Every structure is written in C-alpha cells, then in structure tokens.
Amino acid sequence: MFPSAARWYLAAIAVLSLLCIAMQLSIQAYAQKQAKELIRVWSERANVHIDDVRYHLLRNGLVLQGLRIERGSDKVSIKHIFVRANPKLLTSSTPRIGIMDISGFDAEFTSAVNSKIWHQDRDLKQIWQAATSLTVHGGHVNLYLKGKDFPPVELRGLSLHQQLQTSGRTITGSAKLLQGTLNGQWNMATETQKGESSQSKGIIKWHALDASQLTASLALKHIEGHLNGELSWKMAAGDAEKKSLNLQGEIQLDTVSDRETSNPHSLQFNATNTDDLWKIDIAAAAWPLDPWSDTLPMIGGRQLISAQLDSTSHWRGRDGHWKISSDKGLLQDMIYARPDRNQEGNKHSAWYWSRISYAKANIDTDKNRLHLSAINMVDSRLMLQAGKADTIIQADTGDAADKNSPPGLPEKTLAWNIYADHINIRNMMLALTMPQGKVTLEALDGKAQCPKGKPLSFKLHTAAVETSLAPDKNSATSPKWRLRGSAEKDKHGELISASFNVTGTHIPIARLRPLLPLQDDISSPVKLAGDTEFKAKVTVKQGSWQMQGKAAVRDFNLSHGGNSWLAKQVNLQFGPVGMGLDAQKINSIKSQEWQYTAALHPLPPRMPDSTQPETTEVSNPLWWVTTLRKNNTKIGHLVFENGKISIGQQQSIWADQVDFKADTIKIDHWSDISIKGKAGSGDFHFNGKWQALSDEQRFQGKAVLSQATPFFLHNWMTASGMPHLIQGRLSAKLSVNDGHAPDSYQSTVKVQLIQGRTEAETFPSDPMLARTGYNTSDLLQRLDQHTGVITLQYDLAGQWTTQPLNLERLGLSMQAAMHQAVQSVTIAKDKPKPAKTVTEARIRLHDRERLSQNERIRLFSVVRKMRQAPDTIVELRARWSGKKEDSETDAEIQRIRRTQQLIERYMIYRKINSRRIFPVWPTAEDQTDETGSIQVVTKKLPSQKAQVRKPGH
C-alpha cells in the first residue's frame, strides 16, 4: 500500500494526464478542423477535388485522400498523399514542405498543348517546388501523344523521387514503358534572383521499347523492332526570360531481321534551341524512314513505303518550317508505291531502288522544294502503268487532296518540287504495264538531268556485260536497249508530256507482246518467238503512249490453235500506234523465206442421197481478225516472198515458192491481192480482191492450179480414211464473183485429174463407200472411163454470212459433184487393152541435186523418143528397199522424190510438157532387194478423147 502522500501525488499525475489528453484531443480536433478548412480553401483556389483530409498534429503530417485534378483534357487521380507540413505552411503563398509521399497515382495526359496549362498552374507548381523530398510509388500514366483517336503510351509502375538540395533539386525516376523500361534523372539549379542565370539538366534512358506501339501512338506508319537509347539535355535561363536548350542523344532500333546480319539502325542528334529557333545535327545509320512516309515527298504518284537512310544532316528552323542541308547520304532498299488499298496493284506498280547515294542536298519545307547536286542510282526498278497518270513528281495544291489523285491519298498532300543537276543510273529495270501485259527493259545504265525550270532529260542504254562474266555465245546476242529523250513537267513536277527515241536489238519478240495487236482468244493462247531489232519514236501525254518506227524480226514464229507461221525475217514499218488513236497504222509488213502451217481438217461427211451440198456451219471470226478489228488496225502493204504452205505438220508441204501481196487492209475493205507459187511441182496463182477484216473471209477473183502431182494430199487423204493417190496430174480453177443478191457470191469450180491412180489396197474405212457406193479406186476408174482423164465442173453460190466459201464448203461441194457425176456414168462393155510400157532407163537414187553425165545421156534418149511420139507419156517408178524403220523409210522416200524431181526438171528443161511426166509414189509393190533406183517407163496413151463431166449429166 502506498502512503497517503504518494496516493495524492499519483492521483494528481493521473488527473494532469487526463487533462493533457483532453487538451491534446481538443487541440487535435481544432487542428483537424482548421486543416480541413485550410485545405478546402486551397483546393477550391487550386481547382483540386479532395475526398478526405486528415491531420496528425504530433507527427505534423497531413494525409490527403481521393484527389482528382483536371486541366483541359488531362486528368490526374491520387489515392493517397502524405505531406509532412503544417497546413498553414502548405497553403500559404510561400509553402514549405518537408516530405511528400504519393501512392496510387493515375493520370491521363492527352495533349502537348496542356503542358503550358500545368506549367502556368501557380498553386500546384509551388507545392512541387516547396517539397524537400517528394516520392511517387506505383504510378500509372497514359500519354495520348496524338489525341484519343490513337492508342496511348502507357507508363506502368512509375516511381519518382525528388530531393531538394542546397544547390538545386534532383529528380530520379523509372517506369515500365511499351514492354521495356525507362529510367531518368533531372537536376535543376536553385531558383536565383532576377537577372542571374539558372540551368537544369537531365538524362533519360530507355531499353527494349516496342517500336510498333510507339509509332501507333505517334500516328506514324507501323515499324517492327525494339528501341534502345538515351537523351540528355541542358537548359539555361538568363535575362529577359531568354532560354536556351541543348539536347543530345542516340536511338538504336533492334529488329529481328537484322540480328543475324549485325546491321545496326541508329540515330544520333545534337540540338540547340534559342528563342524558339532550333539548330539540329542528325547522324543517321541505316535508319528506317517508313514511319514518316505520309510527310515525305511523293514521287511519280507514289508514296514512300520503306527506306533506310545513312547521312549527316543539318536542320535549322521551327516546327513545320525547316531548312535542311546534307553534304552526302545514302538511301537503301527504298520502295515507293501507290497509296491505295489495292495491295496487288501496289505490287505491280511499286518502284524500288537498292541504293541511292546523293551529294549536296538542300530541303526547304516552306517552299516544298528539294534540290540535289548529284544522285547515283544502283539496282532500281521502275514500273509505269499505261493509261494512268504516272508522273515524275506527284503533287497537288497542298490544301486538299486532288480530285484525280488515286484513292487512299492523305487528305493533305504536300506539293514538292524536286530537282537534280546530275543523275547517274546503273542497272535499272524499266517496265511499262498495260492491259495486255508488261514490257520490260532490263539492265539500263545512263545519265539524266532534272534542273529547275528545264525538262527532264535522259540517256539510257543496256549495260555492257563484262567479258569475264558474259557467256561465250550469248553475250553478243543478249537484249540491248538505248533510249534518248526528255520529259516536260509542270510547276508541281507532274508529267505533262515525254518524247524519246528507243532502239532495241536482239529483243525476244515475246517481250514485246503487249505492244502488238495480238490478243489471245478464249480457246487457245498465241505463242510468239523471234529475235527483234527496232527503232521507234515514243511520245507520252497524260498517261497515254504513242509510237512509230520500224522493226525487223529474225527467226519469227507465231503459233495458235494448231496453226503456225514461221519466217526467216519479217520487216515492219508502223505508226502511229498506241493509245488514244482512232486507228492503229501499220505501213507495211514484209516477210522472206516463210512457212505457214495450217491445221489439217479431214474431208467432211455427206450422205449419198442428198441432192444439194450441205450448208456449212458458220464459224466465229478468226482470232486475228477479231483482234485487228477491235484495235481498228490498218495495214498499208503485205508482201510475203518465197514461202511455203503446209497442212497438218511442217513436213507436209502443199505449196512452196509462194509470193503473197496485198494492199490497203482495213475493216470491211476490199484489198487487191495476188498469190503465186508452186504446189506439187505445178504452178498456181490467184489474182483478185480480199476482204480480210470481215466477219467471214470474202474474196473475188480467179485461182488456178496447173499440172500438180497429188502427193501433197497424202496426209489429208489418210486423215479422211482414203487411199493415197500415187500417180496423176491435178489441175483446178476457181472463179468467184459477186452474186445477184446482196452479200452473196457466184463461183465456178473446175477440177481435172490426168492418169490418176490410187494404191491397190482397199481401205475398209474409205468414206467414199458410204457417200457414193464405191471406194476411191473404183470411183476414179468409173469417172475416167479408161481415158486417163477425169474432169468435173460445177457452179457454187451462196451467202457469205450463212454459206461462207471456205475449204469445208469446197470439200462438201466436191463430194456432191463426184456423187452426181458417178450416177450418170455408163460402164463400157469392152475394156481397152492395157497400154504397152517400156522401161527406157534406170536412174540411181540421188542424195545431191545433180545428175551424172551418163544419166543425162540416157534421159536424153527418152526425151528424143517422146518428141517423136506426142501420145507417149513417161512414168517414173521407184524401186526401193522399203525398210520397216520409220526414220529410214522417210529418208528413202525423200531420196526417191528428190531423184524424180531431178528427172522431171531435166525433161521439162528439154521442152517436154509436165502433163506428160508422171512421178509414181513408192508403194509396197515397188519394194525390192536391189539398189534403190527410178525406172523411167514410157507408155502410149489411148486415142479416146476425154469429156468434161458436169454433175447431173
């Protein structure tokens, strides 16, 4: 037990303690109330909303909760702030704060313009400057660099620490940014009296920032990779609020594609700003320009898609108003394409440069002008599209998009003037894309100039191939080009017109296909081959091209649907041809040593009970007629000399030594035409008129074939199921004139076969059995009535549109005439005695084009005998081994025919008429084991005179 005095002492202490606690509570309550009031007044003045205020008197600490601040479109919210400061000192005009600790910081900053609002906010600025120590934990900030239409740059886990020191203020911070990290430090000098200078400096470093997210936030074109770098700055302020800012830094871009090649992308810069005037030095190494493609000049109606820049440049000016200079630089892998949504179209029209180095570049963004002293282009590819406004420099007013601009252009496109004093070009591919295809000029070297106020001029030629790299045989015949000309452009750089001369040598004609008036039909493609040389003058105006000149094609080959035309050389003179013309003009086409091979069409069927020729089915216009009509092509002269005509295959020659001439070929026009040549060693010719470019091939005039051997018909007779004609002389005449009705014709056909004979073998599939009741051999015997001469003559008429006079109708009419003629034949009861034959000479088979002296002597004795007996003919019968191998058999037949022709030419030269000389095709009956030879056999003809047989008589 305590003594009584002690008990009173303890009671007094207890009472005093309670009184102190009561006083503390009273003072705390009063301080809390006063703090809330002070903060309320301050928050209203500072335009800051605060949910709750707590003041700890003993700790001299103020806790603010639920702060919300809005400045323009910017928003800041803070969950908790601890401030070690007296509320009066915090809210006074000169606040003093010890420690400020912030947590739960969340902010949205939407515009750089709002930064001035924050900077001019005196109340908030004073709080920040007064804090001896300021710390931010776990902050989150969204920076909308280009407004809320674009994704923000997001700072997560933001941590800041500000320490006020005697010499100034130090701020350090870190955050996670764009999947990377951001660290920084900022040193600010202590505020000085007016008239003295102050400065601040700092450094920010970043690592592994996602470049694609950053470009999206800056409204730039997408780019892949990660950004590393740092930025340091110094800022000084002097009299009259004069400020100077210096920035230095480096940015590196790390892309996946470049990690294996060790090709760093870096950008170093040093910038100073004084009185709002910037001076910037930038050193770029393989730096991609892709993100800024919308702000860079357009070229040829195309926009930059990608490029890498190596250069050192100097910038002077203000935002949007720059003068830029660079002594030299290099652009690599630069691609320009049309800014439309059609990616496939972009692919076909894109321009590409592997390397562009330049010297003395000057850019004025106020005047939108770029001037370069020299440009060196290496490995480039330019695609021009005919019919579109391909321009040298695409530009418009700068106020709005051009109404004629391609879809997808930016709403505001700068009009740029680009000039270059000297342009060196190495290995350029130039291509012209048209609806029919693309014409490509490869491996071009040369020079060009694009001076201010003068036309663009250029001189290009195919690069010389180094001897060590050139193939031994093909280097001399590889394609070569040469272009000389100029282009006019307007003040915006758009192409007004161009004119240039182009020369091409050893150009495969297939590469020039889009320029030719030949289009594929639906059923079959057109194939071209040949070596071309040409000279032409080309003009381009408003995207349309026109050309005129001359060309020569060696070893020409055109094939289509089983038909082909070969020529040793074709010469053309043309022009003008191209776009925007009423007609395509070809002045002349001349060909030498040509061969036309047509598809073989067997004899069409016909039933024997028909009394009239069948009406042929009307076919579509020929593919080349359709093309020439579509282009309204006009041809002045066609001259084909020394040609051959084959049916079915090239070896099956029906006619040779053919000369073809035609004048003035155009739509629905009758052209004068003449054809002459030899068929089966007989002469043929046609003189008349031809309507080439009509829906159906119309012609008028007279065609004559004289004394031809029928061997050229072998393939056709085989395809028609008939035996071969192994002997005979065939003559024919066709006369065609206008009919009585409009668009009709009237023709007369006369055919004569002398001493015609077929193979002895009977062909079960012979179509003549079904058509006449007789096979071909018996049919010929019935028609010639043992006279050795068959003559048919008949008339044929019809409409050009419904019954065109083509080979099919002629074949059908011939069948009908033979059928009617054989019905009127009366078989003679007594057969004449076989004619006596005498073998006069034997001529060995020849491999060369010359008879021996002894052979000529033996043949001369035969000639003399025939002169003495005019009713005697001679047959040239073969004796041959007839081996089974096809290749050897063909070679043997060729030797037989060559030898027969030598004999025939010799006798004709000695004035023996060809109608008395009958080569005989070798058959199985002529096989022998002896050495191959030709037997010259004379035969006396019967005295009976042949009669002309007309159908129905």
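**Note on the predicted model**

1. The buried residues of helix α7 (residues 623–630) pack against β23 (526–541), β24 (544–560) and β27, and these buried residues are Trp-623, Val-625, Thr-627 and Leu-628. Here buried means under 20% relative accessible area, exposed over 50% and partly exposed in between, with a 1.4 Å probe and protein chains only, while contact means heavy atoms within 4.5 Å. Helices (H or I, at least four residues) and strands (E, at least two) are DSSP runs, numbered from the N terminus. After α7 comes Asn-632, which has a positive phi near 50 degrees.

2. On provenance, this is a predicted model, in which local features need pLDDT of at least 70 and side-chain atom pairs count only at pLDDT 80 or more, whereas totals for chains, interfaces and linings use all residues. Residues are numbered from 1 along each chain as its sequence is written, and side-chain values use heavy atoms, with hydrogens and water left out.

3. For the chain as a whole, the secondary structure amounts to 13 helices and 38 strands, and 44% of the 953 residues count as buried. Of the contacts between residues at least 6 apart in sequence, 60% join residues at least 24 apart.

4. Strand β27 (residues 633–647) runs parallel to strand β26 (residues 584–598), to which twelve bridges join it; two strands are taken to pair if DSSP finds at least two bridges between them. Within this pairing, Ser-588 has His-637 in β27 as its bridge partner. With strand β28 (residues 653–665), β27 runs antiparallel and is joined by eight bridges, and Ser-646 has Ile-653 in β28 as its bridge partner. Five residues lie between the strands in the hairpin of β27 and β28, where Gly-648 takes a positive phi near 90 degrees. As background, strands of a sheet pair through backbone hydrogen bonds, either parallel or antiparallel.

5. Seven bridges pair β35 with strand β38 (residues 933–940) in the antiparallel sense, and Ala-841 stands opposite Val-936 in β38. Axes are lines fitted to C-alpha atoms, for helices over the stretch in contact, and angles run from 0 to 180 degrees between N-to-C directions.

6. Helix α10 (residues 776–784) packs with helix α11 (residues 807–823) at an angle of about 60 degrees, their axes being 10 Å apart. The two helices α10 and α11 are therefore oblique to each other, given that angles under 35 degrees count as roughly parallel, over 145 as roughly antiparallel, 65 to 115 as roughly perpendicular and the rest as oblique. Leu-779, Arg-782 and Leu-783 of α10 make the contact with Met-818, Ala-821 and Val-822 of α11. By class, the residues of this contact of α10 with α11 are five nonpolar, no polar and one charged, where Ala, Val, Leu, Ile, Met, Phe, Trp, Tyr, Cys and Pro count as nonpolar, Asp, Glu, Lys and Arg as charged, and the others, Gly among them, as polar.

7. Ser-133 lies in strand β5 (residues 131–143) and counts as buried because its relative accessibility is 11%. Leaving aside residues up to four places away in sequence, Ser-133 touches Gly-98, Ile-99, Met-100, His-161, Gln-162 and Gln-163.
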